[in-house]
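Colleague: I am new to this structure and would be grateful for a guided discussion. May I put some questions to you once it is displayed?

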Amino acid sequence: MASSSQESAAMSEPHQNSLQGMAIMSGAMLILPTMDAIAKYMATFEAMSPGQVTFYRFFFQIACTLPILFALFGLKALSAKRPWMNLLRGVLHGAASLLFFVAVKYMPLADVFAIYFVEPFMLTAMSALFLGDKVGWRRWMAIIVGFGGAMIVIQPSYEIFGLKALLPVACAFLFSLYLFLNRAIGEADSPLTMQTMAGIGGTIFMAAALFVGNSFGNADFAVSLPSSGLGLILLLALGSISGYAHMLVVRAFRLAPLSLLAPFQYFEIISATVLGYALFNDFPSFSKWIGIFIIFASGLFIIWRERLQAQMLKSS
């Protein structure tokens with residue numbers, strides 16, 4: 001029979017893992033908007049096109065992570081059981097990142113993040129429509145209300161930036177497809193292999209997008225090298241943050257359940273607002289804060305309902 005101290009340790013271990021997962025997820029969510037601040041800085045002060053920045057984001061991610069992956073796991077890091085689906089994930093992630101980086105070139109960081117957070121609503125709707133997940137009327141109402149909050153943020157931005165204000169919505173849709181495909185793949189491949197293959201897919205996609213966009217003379221796809229040492233350092237940092245911060249997210253999801261970690265996604269708006277104000281003197285207006293609050297409240301309600309339903313199914 002286990003001693004009382006052993007029983008206590010066994011009972012506290014899941015709790016301790018959840019705390020570690022929440023701490024890691026919080027840190028990752030606060031770090032990730034640094035990527036978008038770098039992208040905006042490169043477009044604003046280094047005159048580098050969003051398409052080129054997006055290419056470097058995936059290229060330097062691979063350059064920073066592949067040597068470590070090969071050192072730890074050898075060539076099996078690339079031995080995916082479903083390589084084409086993983087490469088497609090990379091294409092979707094690359095396209096979503098491109099739209100996001102184009103958006104932050106023209107719009108305040110906090111605005112882009114607020115509009116982008118319609119992604120949980122889209123993913124919930126996709127799960128209901130295509131996977132048959134049960135979504136009750138309360139969550140459908142939360143989805144509708146959340147989109148209404150996004151419209152509050154979009155409306156003044158649309159008057160200033162035109163159709164570019166809708167880019168975060170398109171980005172959210174593509175990233176929802178990316179997450180949807182993650183679920184479709186399931187556990188056929190390890191997270192490490194999936195992320196590596198996705199990085200390769202994103203790099204290939206962005207190389208093709210740069211070639212086509214630049215051929216048509218689109219300024220957002222202009223090809224260029226870093227114009228300064230600082231620019232090169234920032235692009236290396238962009239790739240490193242992309243690779244290692246997402247590994248932190250993978251680690252967090254191994255320590256704590258999705259329902260517990262999902263609300264921490266909204267921490268991104270904190271660092272996005274701070275970075276936007278500190279670097280670019282951008283700060284959301286009062287009406288936009290109302291829209292942001294509505295989006296957050298609706299998203300948290302959906303997460304709460306999903307967690308409650310999971311607990312009810314588990315207890316039944």
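Colleague: At roughly what angle do the axes of helix α3 and helix α4 cross?

Modeller: Please note that this is a predicted model. Helix α3 covers residues 50-73 and helix α4 covers residues 83-106. Their axes come within 9 Å, and the crossing angle is roughly 135°.

Colleague: Which word describes how α3 and α4 lie to each other?

Modeller: An angle counts as roughly antiparallel over 145 degrees and as roughly perpendicular from 65 to 115. The axes of α3 and α4 cross at roughly 135°. The two helices are therefore oblique.

Colleague: Is the crossing of α3 and α4 left-handed or right-handed, and which residues of α4 make the contact?

Modeller: The crossing of α3 and α4 is right-handed. From α3, the contact draws on Pro50, Gly51, Val53, Thr54, Arg57 and Phe58. Its partners in α4 are His93, Gly94, Ser97, Leu98, Phe101, Val102 and Lys105.

Colleague: How many residues in the contact of α3 with α4 are charged?

Modeller: Sorted by class, this contact has six nonpolar and five polar residues. The charged residues in the contact of α3 with α4 number two.

Colleague: How do α2 and α4 lie to each other, and what is the hand of their crossing?

Modeller: The axes of α2 and α4 are 9 Å apart, and the helices pack at an angle of about 60°. Angles under 35 degrees count as roughly parallel, and roughly perpendicular begins at 65. The pair α2 and α4 is therefore oblique. The hand of the crossing is right-handed.

Colleague: Which residues of α4 meet α2, and how many residues of that contact are polar?

Modeller: On the α2 side stand Met35, Asp36, Ala39, Lys40 and Ala43. The residues of α4 that they meet are Phe100, Phe101, Val104 and Lys105.

Colleague: Which residues touch the most other members of the largest nonpolar core?

Modeller: That core has 74 residues, and those with the most contacts to other members are Phe100 and Phe117. The element that gives the most to this core, with 10 residues, is α4.

Colleague: What is Phe100 in contact with, leaving aside its neighbours within four places in sequence?

Modeller: Phe100 also takes part in the meeting of α4 with α2. With its sequence neighbours within four places set aside, the contacts of Phe100 are Asp36, Val112, Phe113, Tyr116 and Cys171.

Colleague: What is the phi of Ala47, and is this residue buried or exposed?

Modeller: Most residues other than glycine have a negative phi. Ala47 is not a glycine, yet its phi is positive, at about 55°. Ala47 lies in the loop between α2 and α3. Its relative accessibility is 68%, so Ala47 counts as exposed.

Colleague: Where is Asn281 found, and what is its relative accessible area?

Modeller: Asn281 also has a positive phi, near 55°, and is a residue other than glycine. Its place is the loop between α12 (268-280) and α13 (286-315). Asn281 is exposed, because its relative accessible area is 60%.

Conventions:
Residues are numbered from 1 along each chain as its sequence is written. This is a predicted model: local features need pLDDT of at least 70, side-chain atom pairs count only at pLDDT 80 or more; totals for chains, interfaces and linings use all residues. Side-chain values use heavy atoms; hydrogens and water are left out. Axes are lines fitted to C-alpha atoms, for helices over the stretch in contact, and angles run from 0 to 180 degrees between N-to-C directions. Helices (H or I, at least four residues) and strands (E, at least two) are DSSP runs, numbered from the N terminus. A crossing is left-handed if the near helix is turned anticlockwise from the far one by less than a right angle, and right-handed if clockwise. Contact means heavy atoms within 4.5 Å. Ala, Val, Leu, Ile, Met, Phe, Trp, Tyr, Cys and Pro count as nonpolar, Asp, Glu, Lys and Arg as charged, and the others, Gly among them, as polar. A nonpolar core is a set of buried Ala, Val, Leu, Ile, Met, Phe, Trp, Tyr and Cys residues joined through side-chain atoms within 4.5 Å. Buried means under 20% relative accessible area, exposed over 50%, partly exposed in between (1.4 Å probe, protein chains only).
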